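Have a look at the fold below and follow the strands with me.

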Amino acid sequence: AGEPVQKDVFAAVPGKIVAIEPDSHVVIESQAALVHAAWGYGTLAWGTLRVLDTTPGLDTPTGRFTIDHRGSVIAIGSPLTKEFLDGASEIRIKGVIASSMPASLVEHIKTLDYPVILTQGFGQLAMSDEILSLLNTYNGREVSLDVSSSTDWRDSRPQIIIPVSSSG
């Protein structure tokens with residue numbers, strides 16, 4: 001037997017540890033709003049949610065980034081464009097939540113240093129009223145983007161996790 005080894009593990013949400021499987025995983029119990037998304041790419045990210053739209057649409061916002069968006073997770077109710085993603089990169093955001101995007105942007109997404117989540121999928125689709133309303137309800141709160149990769153989309157889908165209570 002050797003000395004215990006302490007490991008720091010980043011959790012996707014605040015909460016209470018309810019189970020530990022050594023060298024495998026930790027189960028955390030938390031109260032949160034959860035959205036399973038259609039597609040995502042990137043890594044786990046955490047930041048303040050900043051919603052730029054109050055209603056879903058097909059017109060992607062342009063030129064609306066301010067210093068207040070730096071370090072935030074930006075959400076829009078419209079499809080992504082390369083120009084929007086490049087503007088988000090310049091302001092150094094933590095992640096993007098959008099309704100959809102053209103499939104031709106996938107290669108560009110792979111060059112970004114933040115995760116991207118699509119709630120509706122590929123094409124020119126507006127975000128559902130329900131999801132955009134939920135995001136607006138928690139605008140300004142901390143949010144986690146869990147874009148875990150899996151060989152089968154049924155095993156693990158990208159998730160938007162919004163803690164609603166920090167207690168167990």
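E7 pairs with strand E8 (residues 116–122) in the parallel sense, over five bridges; strands count as paired when DSSP finds at least two bridges between them. Helices (H or I, at least four residues) and strands (E, at least two) are DSSP runs, numbered from the N terminus. Across this pairing, isoleucine 97 stands opposite isoleucine 117 in E8. This is a predicted model: local features need pLDDT of at least 70, side-chain atom pairs count only at pLDDT 80 or more, and totals for chains, interfaces and linings use all residues. Residues are numbered from 1 along each chain as its sequence is written, and side-chain values use heavy atoms, with hydrogens and water left out.

E7 also runs parallel to E6, joined by three bridges, and valine 73 has glycine 95 in E7 as its bridge partner. Together, E6, H1 and E7 make a right-handed β-α-β unit (with the strands pointing away from the viewer, the path from the first strand over the helix to the second runs clockwise).

Why call E7 (residues 95–101) largely enclosed by the rest of the structure? Because seven of its seven residues are buried, meaning under 20% relative accessible area, with exposed over 50% and partly exposed in between (1.4 Å probe, protein chains only).

Over in helix H1 (residues 82–91) sits phenylalanine 84, which is buried too, at a relative accessible area of 3%. Isoleucine 20, by contrast, is exposed at 58% and lies in strand E1 (residues 16–21).
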